[in-house]
Amino acid sequence: MEIQNNDRIKQMVVRYVKGELSEEEMDELKRWRDERAEHEELFRNVVSREKLERGIRRFVKTSEQQELEWNRILNRTVRKKRHSRKMSWMRYAALFVLPLLVGGIVYFSWDTTRETGPVVTSPRIVPGVSMAELVLPDGTKVWLDREANRALEEGVKNSGDTLNYTEVVASGIQDSSEIYHTLRVPRGGEYTLVLADGTTVYLNAESELRFPKQFKGKSRKVYLEGEGYFDVQRDEKQPFVVEVKQVEVRVLGTSFGIRAYAKEENVLTTLVEGRVNVEAGGKQVELSPGQQADFSRGNDRLTVTKVDVEQYVSWKDGRLVFDNKPLEFILEELGRWYSFDVFYTNKELKGIPYSLNIKKHEDIAHVLKFIERTGKVKFEINKNTIIVK
């Protein structure tokens, strides 16, 4: 079937899941399904994917939003350089980039289900796993992974992908000083931490959290470098504080994400539920759900904007979401999770915008093949390096 017809069927499947098909389109889709047994099998595989309906409702855009996105892409690329070759590429890319914005989950599920041709694979590039290193006060380092299911010391137990702390009732004279532990998640890893107060912290790859084994001060203070998602237990008498370089986030009980990698200039605090106070650069702001505080460490500027929170916190739920992001940013994020390096044969390729919504455990070769269909880039896997050309 020609690619245009393929895209029409894909669009109808997206609208079928959303319940928007007309009677004529339902008949057309049924005729396509009845045409071949493989069509019916493909249809059933795609629409039965886990959380498909929820994913489409969450990420699909209106026609006005699609037009706005497309014009933004044109302004960044084609309208700056009026070459016919560029125009032909953008017409070709429209078959894939815009459908991603309309129904990325269906499109990706379709293509990975239907793909039967040879795929470039590399045993060295695989998705990340649950792993971390716990550093104790005396410098002892304990490696944590799915095999390390054991009690480490009183009030501390590892379950394979989650490190659990519980309150310990002290006997005799109580020591008011806090004992700090540090949890480090390497490249290609992730880990979940439950603090002694019941707060849950999800740590992304290349992240570190320093925290008290038991909270004893006037506030529950932890120190973050990298990226974490916090689901904080409410305690009005003891506020929860996350400190990163030049930024302090204070809450009573809420859910939010913080991105504060050392090599990145901006610290992003994204609020999902409740309220948080962000203090940075001599300024303080209070966020409402769906808002993000962006602090630039370069010029001490703190701004607040409304954002699609799923783009910033979906990693903790097993998805990687990119909406009109430069290729360089996307591959850097993928490289952090899949643990690969990137080499560009042409630096101009770094700025090409793409939109993706993928599962964190997809085969990296399928993800790269999907991006290649814009016709603008090609990828080559050489051991642990992805070459972009």
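User: Why is R187 called partly exposed?

Analyst: R187 has a relative accessible area of 30%. Buried means under 20%, exposed over 50%, and partly exposed in between (1.4 Å probe, protein chains only), so R187 is partly exposed. The model is predicted: local features need pLDDT of at least 70, side-chain atom pairs count only at pLDDT 80 or more, and totals for chains, interfaces and linings use all residues. Residues are numbered from 1 along each chain as its sequence is written, and side-chain values use heavy atoms, with hydrogens and water left out.

User: What makes the pair of E206 and R187 a salt bridge?

Analyst: The closest N and O atoms of E206 and R187 are 3.2 Å apart. A salt bridge requires a side-chain nitrogen of Lys or Arg within 4 Å of a carboxyl oxygen of Asp or Glu, so this pair qualifies. E206 lies in the loop between β9 and β10 and R187 in the loop between β7 and β8, so the pair ties together parts that are 19 residues apart in sequence.

User: Why does E236 count as exposed?

Analyst: E236 has 58% relative accessibility, and therefore counts as exposed. Its salt-bridge partner R234, with the closest N and O atoms 3.3 Å apart, is exposed as well, at 52%.

User: What makes β23 and β24 paired strands?

Analyst: Two strands pair if DSSP finds at least two bridges between them; 4 bridges join β23 to β24, so the two are paired, and they run antiparallel. Strands here are DSSP runs (E, at least two residues), numbered from the N terminus. I381 stands opposite I386 in β24.
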